Amino acid sequence: MSLALDAVTLTYPDGDGRLTALDDVSLTVPPGRLTAVVGPSGSGKSSLLAVAATLVTPDRGRVVVAGTDTAGLDAAGRAELRRTSIGIVFQQPNLLPSLTAAEQLQVMAHLSGRPPKSVRDRALDLLDAVGLADRAARRPHQLSGGQRQRVNIARALMNEPSVLLVDEPTSALDHERGAAIVALLARLTRERGTATLLVTHDQGHLGAADATITVQDGRATLPTPA
Ligand SMILES: Nc1ncnc2c1ncn2[C@@H]1O[C@H](COP(=O)(O)OP(=O)(O)OP(=O)(O)O)[C@@H](O)[C@H]1O
C-alpha cells in the first residue's frame, strides 16, 4: 500500500489573510520506495509531512494512506489510521528516559492487543534490524545520538506501518552518522515494503533515495529518478 497526495492545498492564517504552505501538491510514494523531500527553509516540507501524517487537514485535495481516503475519517478514525498504518520519525528521538531500548518499542504495541511475548520478540527483531541487538537493555542516556535515532526508527516500525514519514532524522548527527541513518532507512524501506517520505536538507543523502521531490514556495516538483 502506498501514500498518495492529490492536488493538496494547505493554508494557514496569516494576519488578515492566508499563507499558502502547500499549493496544489500531487505525489505518490509506492511501497518499498524511499522518496526524499528537499527544499529551502519555509518551503513547505514539514507541512507536507504533517498532511501525509493526517495531523493536519488540507483545505483542498485528497490524502490517501494505505488505500484509505482520509477525507472520510473523523479524528478518531485518523488516529486509528496513524496507529495502524503510519510510522513517524521526528528530528529528535524523544525517547522516554526511564525505559530501555526494547521497552521504548514495546510501549508502541502495548495497546494493539498483541500477546506480550510476540511484542517482545518483534521489538528485539527490530533492534537487531537497526544494529542494536546488543543494546536492547540500555536506557537513552546510555546510548549515542545515532543509536537513539536508530531506536526511534525501530519504534516507528513497531506496528508494521505501510507508510513511514521521516523529518530531518540526521540534524543532530555528523555527516557520516547521518549517512548511515539514511542508508539504514533505505534498507528498511526495501525490506519492510514501506512507502517512505524523508525530509532532508543534506543533498549528500539523495543518492540513497529512489526519487527526489523538490518543494519551493509550497509547490512540489515531481519525482525525478535518483
Ligand atoms: N502553524 C502555522 N501557522 C502559520 N504558518 C505556518 C505554520 N506552520 C508553518 N507555517 C508557514 O508555512 C510555511 C511552510 O512551513 P514549513 O514548516 O512547512 O516549511 P519547511 O520547508 O519545513 O521549513 P524548515 O526547513 O525551515 O523546517 C512557512 O512560511 C511557515 O512560516
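This is a predicted model: local features need pLDDT of at least 70, side-chain atom pairs count only at pLDDT 80 or more; totals for chains, interfaces and linings use all residues.
Start by selecting helix α2, residues 75-85: L81, R82 and S85 are buried here (20 or more other C-beta atoms within 10 Å of a residue's own, with C-beta atoms placed from the backbone; 12 or fewer makes it exposed, and in between is partly exposed). Look down the axis of α2 and these buried residues fall within an arc of 105°, so they line one face of the helix; the arc is taken from the directions from helix axis to C-beta atoms.

Numbering runs from 1 along each chain as its sequence is written.

Next, show β4 (60-65), β5 (68-69), β6 (86-89) and β7 (163-167), against which the buried residues of α2 pack (contact: C-beta atoms within 7 Å). Helices (H or I, at least four residues) and strands (E, at least two) are DSSP runs, numbered from the N terminus.

Now pick out the open, antiparallel sheet of 4 strands, ordered β2-β1-β4-β5 (pairing takes at least two DSSP bridges). Its edge strands are β2 (17-29) and β5. Zoom in on L3, whose bridge partner in β4 is V65.

Last stop: the ligand. Select Y12, L19, A21, G39, S41, G42, S43, G44, K45, S46 and S47 around it (C-beta atom within 6 Å). Helix α1 gives the most to this shell, with 3 residues.

Notes: Two residues are in contact if their C-beta atoms, placed from the backbone, lie within 7 Å.
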